[in-house]
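Please look over the structure shown below with me, one question at a time.

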Amino acid sequence: MKLRSPFAFDDELHPRWASLLRWVTVALLLVGFLGILGYAVVGDHKLRGSLLTLHRSAGLAVLLVTLLRIVTLPAQRYDQASRSRGLRIVALASHAVLYLALIATPLLGWALTSARGQTALFLGAIPLPSILQSDGALAAELQQVHRLVAGLLLGCIALYAVTLGWHRPRVRDGSRWRWWLPLRRSTDSP
Ligand code: HEM
């Protein structure tokens, strides 16, 4: 049985550009998390400001790429990911939760920035309009929610990566989806 890396670009189920968009999202999330991590540990005021701008820019780029991925969803053939209707529903539902978190987290960060009375600069240069009035108490609440949803997003991604790494090679080697139904495997095998 020939197993292939679950992280390869070449994929018979999804177009190559869809994989590319997925990995761009992962890279942006990584930059965003490293940015906020650096912001939390660095002491220098100017550097902290730059790291927060990096965090916001990466987060806003995640929002843009996610919207692009949603618009192009019909071309990504998730509806053909399995012959099993149940598994197709599970795949669609888990993608819906993931996309929701990918949209909610940056929007909450944007709202938090506005509630703090600050202006988020996309790529350090393009000012974003405020989406909320300045309100210190609301900002404190939004920070908690932003942190919580970001944690949920991280959990979803970890779960997604584990699931992908586990079943994807089996999907690719021709024994599609048999891994989850041992009974079927025994009746299908010669
Ligand atoms: C997918 C995108 C994003 C993720 C995963 C994310 C994640 C996080 C995390 C984990 C924190 C630390 C929370 C804490 O410990 O209090 C944080 C803080 C923050 N984020 Fe985001 N964020 C994202 C997008 C954004 C965007 C788009 C903006 C603004 C436009 C933003 C603005 C902020 C601000 C202002 C803070 C608080 C920094 C501080 O403590 O002063 N975030 N974010």
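Just after H3, Gly-117 takes a positive phi of about 75 degrees. The model is a predicted one, in which local features need pLDDT of at least 70, side-chain atom pairs count only at pLDDT 80 or more, and totals for chains, interfaces and linings use all residues. Residues are numbered from 1 along each chain as its sequence is written.

Me: In what order do the elements of the protein run from the N terminus on?
Reply: Helices (H or I, at least four residues) and strands (E, at least two) are DSSP runs, numbered from the N terminus. The protein has five helices and two strands. From the N terminus on, their order is α-α-α-β-β-α-α.

Me: Which element gives the largest share of the shell around the ligand?
Reply: A residue is near a molecule if its C-beta atom, placed from the backbone, lies within 6 Å of it. The ligand is surrounded by 20 residues, with Gly-59, Pro-106, Gly-109, Arg-147 and Ala-150 the closest. Two or more residues of this shell come from each of helix H1 (16-41), helix H2 (45-71), helix H3 (85-115) and helix H4 (136-172). The largest share, six residues, comes from H3.

Me: How far does H3 reach from its first C-alpha to its last?
Reply: The expected span of a helix is 1.5 Å times one less than its number of residues. H3 has 31 residues, and 45 Å is expected for it at 1.5 Å a residue. Close to that value, H3 reaches 44 Å.
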